[in-house]
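This briefing is meant for a reader who is meeting the structure for the first time. Please look over the sequence and the model before turning to the points that follow.

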Amino acid sequence: MMEALRLATRSSKLALWQANEVASRLKEKGIACEIVPVRSAGDIDLVNPIYEMGVQGVFTRELDIALLNHDADIAVHSLKDVPVVTAKGTTIAAVLPRADAHDVLIHKGKTPGEEKFIVATSSIRRRSQWLAKFPHHETVNIRGNVETRIQKLNESDFDGLIMAKAAIDRLEMKLPNMLVLDWMLPAPAQGRDRHCVS
């Protein structure tokens, strides 16, 4: 009997959803999987903006280490957060079908316009596009998993939060105030997941 593949993933609800989706598809092929949760540098440091952390692959480095140390056989992660050059000794083995690639604004009932508006995002891409469209608005850094960021929005004086629609859809979150940003260019491969092997 074949041993179960050890599948490394971050431990957030979204990451586990993605890992379990891959495990389910492999099970259909007769391949069992064991989920191996891994904490990344990006999960530990929830204060500093990602671009200030000075490390490529802040969400994937520990997954690569798990693969290279043979603590896992495959790793699953959002493709948009994977460095363009993968870790030596690993390869992208598969990519799931793409989900909705749009970004969305989660807000408190006040939509962006000419008045003051504070929007939270840790992404330079999202921040630069937002300020190009709304130069009079303010952007603030926000870190954490999907649920943590929404909680921070609700407990703060921010007016809105930008997130990937695919994350909201996958977690089946019913949010009363969500606006699809069809004008915002998404990250390359946003809405896709991949698994790597060493």
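In which loop does Gln190 lie? Gln190 belongs to the loop between β9 (178-181) and β10 (193-197), in what is a predicted model.

**The chain as a whole**

- Of the 198 residues that make up the chain, 46% count as buried, while the accessible surface comes to about 10,400 Å², with 53% of that area belonging to carbon and sulfur atoms.
- When contacts between residues at least 6 apart in sequence are considered, 69% of them join residues at least 24 apart.

**Gln190 and Asp103**

- Gln190 has a relative accessibility of 1%, and because buried means under 20%, Gln190 counts as buried.
- Once the neighbours within four places in sequence are left aside, Gln190 is in contact with Lys80, Arg98, Ala101, His102, Asp103, Arg125, Arg126 and Ala164.
- One of these contacts, the one with Asp103, includes a polar contact of 3.0 Å between the side chains of Gln190 and Asp103.
- Asp103 is itself part of strand β5, and its relative accessibility of 0% is the reason why Asp103 counts as buried.
- The side chain of Asp103 also makes a polar contact of 2.8 Å with the side chain of Arg125 and another, of 2.7 Å, with the side chain of Arg126.

**The five-stranded sheet**

- Strand β5 takes its place in an open sheet of five strands, whose order is β7-β6-β8-β5-β9 and whose pairing is mixed.
- The edges of this sheet are formed by β7 (138-140) and β9, and because each of them has a single partner strand, one side of each is left without a neighbour in the sheet.
- From one strand to the next, the twist averages 30 degrees.
- In general, the strands of a sheet pair through backbone hydrogen bonds, either in a parallel or in an antiparallel manner.
- Strand β5 (residues 103-107) and strand β8 (residues 160-164) pair in the antiparallel sense, over five bridges, and within β8 the bridge partner of Asp103 is Ala164.
- Helix α5 (residues 146-154) packs on the sheet, where it touches both β5 and β8, and its direction makes about 165 degrees with that of β8.

**Helix α1**

- The buried residues of α1 include Leu14, Ala15, Gln18, Ala19, Val22, Ala23 and Leu26.
- Just after α1 comes Gly30, which takes a positive phi of about 85 degrees.

**His77 in strand β3**

- His77 lies in strand β3 (residues 74-78) and is buried, because its relative accessible area is 2%.
- Although His77 and Arg10 are 67 residues apart along the chain, their C-alpha atoms are separated by 7.7 Å.

Definitions and conventions
Residues numbered from 1 in each chain as written. Predicted model: local features only at pLDDT ≥ 70, side-chain atom pairs only at ≥ 80, totals over all residues. Heavy atoms only, no water. Helix = DSSP H or I, 4+ residues; strand = E, 2+ residues; numbered from the N terminus. Buried < 20%, exposed > 50% of the residue type's maximum accessible area, 1.4 Å probe, protein only. Polar contact = N/O pair within 3.5 Å; in protein donor to acceptor, adjacent residues only side chain to side chain. Contact = heavy atoms within 4.5 Å. Pairing = 2+ DSSP bridges. Axes fitted to C-alpha atoms, helices over the stretch in contact; angles between N-to-C directions. Areas by Shrake-Rupley, 256 points an atom, 1.4 Å probe, with all protein chains shown as cover.
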